[in-house]
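Visitor: I'm new to this one and would like to be walked through it. Could we put it up and take it piece by piece?
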Amino acid sequence: MEFFKYTRPLNFMGKSKLALAISVFMLLASFVLLMTKGLNYGVDFAGGTIVQVKYNTEAPIDEMREKLKSNELFDGASITKFGTADEVVIRMKSATSSITVDIGDVTREALVGTGEYEIRRVDIVGPKVGNELKEKGIMSLVLATIGILIYVAFRFEWRFAVASILALTHDIIIALGAIALVGLDVNLDVLAALLTLLGYSLNDTIIVFDRIRENVTGSKNTELSEVINESVTRTLARTTLTSLTTFFVVFMLFMFGGEIIHAFAFTLLVGVVIGTYSSIFVASPILLWFGFDIKAYHVKLADKSKRELEKQKMRDQFESGVM
Amino acid sequence: MRMKLNYRTVIFAVAIVFGIFFSAPSLLQLQDGKKITLGLDLQGGLHLLLGVKTEEATKSRVKSIAASIKHYTQREDILVDALTFDESSITFSLLDIDDVKRVKNYLKDTTGISIDVNGESFLLELTPPEVIRTQKQAVDQAIETIRNRLDQFGLAEPEVARQGDEKILVQLAGIKTQEDEQRARELISRAAKLELMAVDEDRAARVQNMSHADAAAYGDVILDDVKNPDIKYLVREIPILDGGMLTDASMGFDQNNRPLINFKLNAEGAEIFGDFTGRSVGKRLAVVLDGKVYSAPNINERIGGGSGQISGSYTVEEAKDLSIALRSGALLAPIYVMEKRSVGPSLGADSIEASMIALIGGFVLVVLFMMLYYRAAGVVANIALIANLFIILAVMSLFGATLTLPGMAGIVLTVGMAVDANVIITERIRELLLEGKSIHKAIEEGYANAVRAILDANVTTLIAAVVLYAYGTGAIKGFAVTISIGILASMLTAILGTHGIYQLLESRIQKSKNNRFWFGIRESK
């Protein structure tokens, strides 16, 4: 089976203006969403309490609200369905720090008379820990980005590195916008998804860049946009197919992975799509805009190999001299 | 049609055997062999990040210095006026200036305090290094104590570790019910601070009408009875001795067969206790545990030997837990919850089920797609994929790694990402075949070119995974681990392994001339 049969290079660079427009629109929309609606930080980062309760039958949410109202520990608590109708989570902004007075026990006692239920999960994150996790989270995103930047610059050229980082930033911002749009709780798992996305989206970009690098060094064509078109077209099958296989499994996680993994899977789902798009339409044009010059690159490569040749020569002379 | 055995095939075969052999204990739940441990989020359990109120430790250090000064001066008949203390200092003055030298001499042995004498008044302060030392010791001691208590509680593999400077991570996997959890939490948090205090008999009758400020003015404190908070006791603020001088505590029964706790004091404690009881016949002695009065018996005679009892109406379980707590020592400073995550076993089982469905579903989709799209090449890729899964499980088993829910997601994701390498390689081979290259050339050049791209792509994902491991906590670390192992294993299986298979089959492929069967391409005519 072949979805993509290479016949001639497709003119991706000719569409770069349209892609730019789409990207700018999505970025702006994401910014507006992040500004107005904002990210919904979950307990991991904001601190607070989550109690997950599962009933034998449909959860009597109104009755639960009534029962919990009498205890001041539950002031401002929100009760929402979690996945299925018989499961609910109680969310609170406050976090109790006493070990013996436990919110799980309190909830269990407070809900007596609302049916048969089980407290399945209690998460308490104190404000200090929440802030620490937030700082660590931001640090990890920044560090991963810097690490990738250095690696790509080392393996390719600085313009490739900058282009891939810009494409990644583009992906992350749009993924965050999508998270804000559907109002997902941002917890540690979403951060993990974002970091995976970072690595993953870069995978696709690197496949394209690798081909551009190969074609730049190997061909006599010095028109960068043509080389890019050729390379993107040649790698189109891989870029889309690798994304497709990943999309399959992430989609499975999203559908069947359960409520707890939902936000993680959603972030990756959006990320895989955006990452593929950006690898094809965003990353390469940036190379063009930064004025990557094939001739200059050839000169640089020639210099490099000349230097290495000289080094080798000297080493040979040295070694034979010693011997 | 000879098949060429090559080193790649051999390594691949060894890797598969390794994978199957070492993943077997985990997969088949064998008794022997190293197994993957399930994370708290999958098997249920309690994760606690505890903070230590270290300022309380310095305060109680000051308090115990004050107690020893009081004991010394009483024994030596030195009259002391207005002995008071706060968080880090003690002030008192002597009535007889001639005693100053003796007291100074006595205090010389107390380390970590600065002594400032002005005439007959003393100002003692904890030195800054001593404050730091005391606080550090409080955390160390809390870790040690909690570990001791949990070990005696009888749970399988409780984990107690220091995190950062003053945080304690406690992970209890064996907790199955909320009652267990409650008991464990109470055992952990129990200060188990035993104090023997003198009841202030001169004013005890007026205790019901006294405020805490009134009591403080006399150097007293008001404490509640453990069972009935309406019963109050007025006791001297500085205890006669505390649990630090305890050598043993065990559960026993009184003559009515009710559980109680027997305790023994060390030599110093026994001496102080003997001195005090000898001096205070006819008065009451309050046995105070964690700020509550458990009993306040009358002292009928001097009690030597240094042993005593704490009675109260406990259940056998409570008495047992309490004696564990006393025996393993008091917490020098109170602890509090900074983070708690508790997962019920049923939720963990649900999570396993859900992620297994996702794993199998994703796996089947990917495997089918690869076979449909690439035919035989897809089958080769699928073999690599299956080998990859085994190797991930084997490596995790060998290291006794913890599988968490995000870790499961990582394995699922690896399924999608590990075939990427094969997609890249096979696409490249197809391309070269279409250019009219020979099978041999197409395979070798295809691998040579694809591997560079795959390596670069994998390294970047690894960078992200390593950062995730370094900065992630708990369950997220599990994700980083499975992703990293998956990527590394995929280099072995998807690049080296499949290459070996192609080399093995090369002459066969060449002979059949059926690129549609082998690589899923139609010959362009």
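Visitor: How many helices and strands does chain A have?
Guide: In this predicted model, chain A has ten helices and six strands.

Visitor: And is chain A compact or spread out?
Guide: Its radius of gyration is 27 Å, while the globule rule gives 20 Å for 323 residues, so chain A is more spread out than a compact globule. Taken along the principal axes, the C-alpha atoms of chain A fill a box of roughly 90 × 55 × 40 Å.

Visitor: What share of chain A is buried, then?
Guide: Buried residues account for 47% of the 323 residues in chain A. As for contacts within chain A, if we take those between residues at least 6 apart in sequence, 80% of them join residues that are at least 24 apart.

Visitor: Switching topic: how many residues of chain A are in contact with chain B?
Guide: There are 62 residues of chain A in contact with 65 residues of chain B. On the chain A side, the elements that give two or more residues are helix 4 (103-110), strand 5 (117-125), helix 5 (127-155), helix 7 (188-218) and helix 8 (224-256).

Visitor: What kinds of residues are on that side of chain A?
Guide: The residues of chain A that touch chain B divide into 32 nonpolar, 15 polar and 15 charged.

How values were computed: Residues are numbered from 1 along each chain as its sequence is written. Chains are lettered from A and ligands numbered from 1 in the order in which they are written. This is a predicted model: local features need pLDDT of at least 70, side-chain atom pairs count only at pLDDT 80 or more; totals for chains, interfaces and linings use all residues. Two residues are in contact if their C-beta atoms, placed from the backbone, lie within 7 Å. Helices (H or I, at least four residues) and strands (E, at least two) are DSSP runs, numbered from the N terminus. Ala, Val, Leu, Ile, Met, Phe, Trp, Tyr, Cys and Pro count as nonpolar, Asp, Glu, Lys and Arg as charged, and the others, Gly among them, as polar. The radius of gyration is taken over C-alpha atoms; the globule rule is 2.2 Å times the number of residues to the power 0.38. A residue is buried if 20 or more other C-beta atoms lie within 10 Å of its own, exposed if 12 or fewer, and partly exposed in between; C-beta atoms are placed from the backbone.
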